[in-house]
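Please look at the sequence and the structure below before reading on.

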Amino acid sequence: MTSNERAAAWWDRDAGPVVRPYAMTGGRVPAAARFDVVATVRAAPLGGALPPDLQPEHRQILAAARSPITVADLAAELDLALGVVQVLLHDLAVQELICLHEPGRASAVPDENVLKAVVNGLRAL
Amino acid sequence: MDYARSDRTVPLALKILVAGGFGVGKTTLVSAVSEIRPLHTEEVLTSAGLDTDDTSGVEQKTTTTVAMDFGRISVGSDIVLYLFGTPGQDRFWFLWDELAHGALGAVVLADTRRLADCFPSVDYFERRGTPFLVAVNCFDGEQRFATQAVRNALDLDPDVPVVLCDARDRRSSKDVLITLVEHVMDQVARTQTPASVRSW
Ligand SMILES: Nc1nc2c(ncn2[C@@H]2O[C@H](COP(=O)(O)OP(=O)(O)OP(=O)(O)O)[C@@H](O)[C@H]2O)c(=O)[nH]1
Ligand SMILES: [Mg+2]
């Protein structure tokens, strides 16, 4: 599957008239499967030059993700809509320009020691 | 280039949702306990024409901006709590679905003068099985309902904590979060006991 086909499978291109915030994604809007808002993103180590067709927002994301950063932090930091960031991240993931570290979804509830650490951390605030 | 190692130093990110009706104090609570930043999303809403004369079947797609409260609290060196507060209107549930996935738990803020406003949030978390508590925001301290009255009015399960708070107060809001995490711990303990008994 080419990256374009994959993108087509992933994103709903039938978004009707292109609406302002999604103009930078060519009208593509996030489909059902999204990255977790607290998934951690990191720019992949670069083998060579960046692909020339990256948009400024892609580059902004790569710059902000030089050290690990969550999806939500990226959106807040770059002042982009969360849904837009989802689409741009997908583009970068397809081109293997970023690594994603999804939080453990299956075992949503962390173990007791983590929870204790959270309580102690909050008390110490 | 030790990427395996750097992955292990990624902090553990935990999500807590702050829900409740319009103007109940969600933004106030999140900003009292965390460094708050504006976060927004543009959601594409598909609405088939509600007009019964509309036989064209043409779907209308529009985007709507949803503003969220986005707070971040570092607890210890390797755990970060992320707080997400967003409007509790029904039309935003799709957004809650995204945020609630894998969430640690939720705070449902309630105002006793408009208690019904938090019904949808309570229903939502009950149905999803997300651990939650109800925090009654005591506007001007007037509405100090007995927590039992709130519990009855909301028809809550006996194990769901109901606490009073002042969302403007850091300490009070912090206590709400602590009670929530302790509630999650209780639930974990409860679900784990039968399993360990079985394996024993
Ligand atoms: N007296 C008093 N006022 C409060 C308290 N909590 C919030 N407020 C005020 O109530 C108003 C609404 O609070 P917000 O925190 O904006 O409520 P919200 O839930 O974020 O509102 P929306 O995002 O519009 O749904 C603000 O003017 C707050 O200053 C409280 O505990 N006591
Ligand atoms: Mg608000």
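Does B:Cys118 count as buried or exposed? At 1% relative accessibility B:Cys118 counts as buried, where buried means under 20% relative accessible area, exposed means over 50%, and partly exposed lies in between, with a 1.4 Å probe and protein chains only.

This is a predicted model, in which local features need pLDDT of at least 70 and side-chain atom pairs count only at pLDDT 80 or more, while totals for chains, interfaces and linings use all residues. Residues are numbered from 1 along each chain as its sequence is written, chains are lettered from A and ligands numbered from 1 in the order in which they are written, and side-chain values use heavy atoms, with hydrogens and water left out.

**Cysteines**

The structure holds zero disulfides over all chains, a disulfide being a pair of cysteine sulfur atoms within 2.5 Å.

| Residue | Relative accessible area | Nearest cysteine sulfur |
|---|---|---|
| B:Cys118 | 1% | B:Cys165, 12 Å |
| B:Cys138 | 3% | B:Cys165, 6.6 Å |

In chain A, A:Cys99 lies in strand β3, residues 98–101, where strands (E, at least two residues) and helices (H or I, at least four) are DSSP runs numbered from the N terminus. A:Cys99 is partly exposed, with a relative accessible area of 31%. Leaving aside residues up to four places away in sequence, A:Cys99 touches A:Thr40, A:Val41, A:Arg42 and A:Ala44, contact meaning heavy atoms within 4.5 Å.

**The contact between the chains**

The size of an interface is often given as the accessible area lost when the parts come together. Chain B and chain A bury about 3700 Å² between them, 67% of it on carbon and sulfur atoms; this buried area is the accessible area (1.4 Å probe) that two parts lose on being put together, summed over both. The contact takes 45 residues from chain A and 43 residues from chain B.

Across this interface the rule finds four salt bridges, each a side-chain nitrogen of Lys or Arg within 4 Å of a carboxyl oxygen of Asp or Glu. In one salt bridge the side chains of A:Arg123 and B:Glu182 meet at 2.9 Å, N to O.
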